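Student: Hi! Could you walk me through this model before I start my notes?
Tutor: Happy to, let's look at it together.

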Amino acid sequence: MTAATSVRFAHRHLLGVEGLSPDEITLLLDLSESYIKQSRAADKKATLLRGRTIINLFFESSTRTRTSFELAGKRLGGDVINMSAEVSSVKKGETLIDTAMTLNAMHPDVLVVRHPDSGAVKLLSEKVNCAVINAGDGTHEHPTQALLDALAIRRRRGSLQGLTVAICGDIMHSRVARSNIHLLTAMGARVRVVAPPTLLPACIDRMGVEVFTDMRAGLRDCDIVMMLRLQTERMQGSFVPSIREYFRFYGLDYAKLEVAKPDALIMHPGPMNRGVEIDSEVADDIDRSLIREQVEMGVAVRMACLDILTRNLQSNEAAT
Ligand code: NCD
């Protein structure tokens, strides 16, 4: 039996990778594979979510995540509404919970939520009747990003087990780093974090990672190099002396990449700041950069998440 038929996804919401079992992660990745095929076909439209309403509720800016959730919902035949805080009553002082209760009264089936505060999406999920997907909450988690990263790696390397993955840059402010650490360690990869001491959260080693402050030491013999953006919007004060200095010591260029495995793959969740955390040529290296594939995998993974969570809604609806 494949994971897809023997494992149940026993969660009403997808709030984080923490707490997902390796079987549940595999189930989502396996299901995503079929949606890659659907997204590459001329006819991309299915009817699985016919009659379902998905609301994208974004309190922070987004290009990839919001668009791919919208495409994912539409490709599965659902009705998708996009709401951003800029043009909603949040601007008029409405609280997160009041906004959630208002939307809940319109009977959505899934709320996809991004919010600048860690924990806000969980709080919201406790107030509504529908399924909630965390599209990034503060510095806490971004589960669909880690799933799409895992899918992109698995398709190139066959498995995550035994790989050495170096996550480099602004670890402190990165929900992508946290979700990836949970996922990769659960799936048997060795994870390193590489950052200047000012951008390393205290006690990060308790997450089961090896910690490096020197890029060459951290990249040595690794299979995957995952670069992160300097998230200045979350910084109060200055965490790096200057952008030039940051690039010199922590920016990924061919000189630093030399110590990684010769076939090491380069990843970045986007948006990229070329010349800050990554050299332009390295980012565009068609043989080694997975960055475009990551975006493609994003739609498939989000289709799989919408599929799984609405299946769970169905069984609850049948039971009541
Ligand atoms: C990331 C995010 O929003 O956390 N982007 C994304 O979802 N692709 C990373 C970032 O903003 O740097």
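Tutor: What follows is a chat about a pocket, a helix and a few single residues.

Student: What should I know before reading the values?
Tutor: This is a predicted model, in which local features need pLDDT of at least 70, side-chain atom pairs count only at pLDDT 80 or more, and totals for chains, interfaces and linings use all residues. Residues are numbered from 1 along each chain as its sequence is written, and side-chain values use heavy atoms, with hydrogens and water left out.

Student: Okay, how much space lies in the largest pocket?
Tutor: About 550 Å³. A pocket here is an open set of points on a 1 Å grid over the protein atoms alone, where a 1.4 Å probe fits, with protein on both sides within 12 Å along at least five of seven lines. The volume is the space filled by probe spheres set on the points, which are joined across faces, edges and corners.

Student: What does the lining have by class?
Tutor: Eight nonpolar, 13 polar and eight charged residues. Ala, Val, Leu, Ile, Met, Phe, Trp, Tyr, Cys and Pro count as nonpolar, Asp, Glu, Lys and Arg as charged, and the others, Gly among them, as polar.

Student: You mentioned Pro271. What kind of peptide bond joins Gly270 and Pro271?
Tutor: A cis one, with omega about -10 degrees. Most peptide bonds are trans. Pro271 sits in the loop between strand E9 (265–267) and helix H11 (280–283).

Student: Switching to H4, which of its residues are buried?
Tutor: In helix H4 (residues 96–104), they are Leu96, Thr99, Ala100, Leu103 and Asn104. Buried means under 20% relative accessible area, exposed over 50%, and partly exposed in between, with a 1.4 Å probe and protein chains only.

Student: Why are they on the same side of H4?
Tutor: Because they cover an arc of only 135 degrees around the axis. That arc is taken from the directions from the helix axis to the C-beta atoms.

Student: What covers them?
Tutor: The cover includes strands E1 (53–58), E2 (79–84) and E3 (110–115), plus helix H5 (120–125).

Student: Back to Asn104, which side chain does it join in a polar contact?
Tutor: That of Asn129, at 2.9 Å. A polar contact is a pair of N or O atoms within 3.5 Å; within protein, one must be able to donate a hydrogen and the other to accept it, and residues adjacent in sequence count only if both atoms are side-chain atoms. Asn104 counts as buried because its relative accessibility is 11%.

Student: What about His107, buried or exposed?
Tutor: His107 is exposed, with a relative accessible area of 64%, and lies in the loop between H4 and E3. Its phi is near 55 degrees, a positive value in a residue other than glycine.

Student: One last one: where is Gly73, and what is it in contact with?
Tutor: Gly73 lies in helix H3. Leaving aside neighbours within four places in sequence, Gly73 is in contact (heavy atoms within 4.5 Å) with Leu49, Ile54, Gly78, Val80 and Leu306. Gly73 is buried, at a relative accessible area of 0%.

Technical notes
1 Å grid on protein atoms, 1.4 Å probe; cavity = no way out; pocket = protein on both sides within 12 Å on 5 of 7 lines; lining within 4 Å. Helix = DSSP H or I, 4+ residues; strand = E, 2+ residues; numbered from the N terminus.
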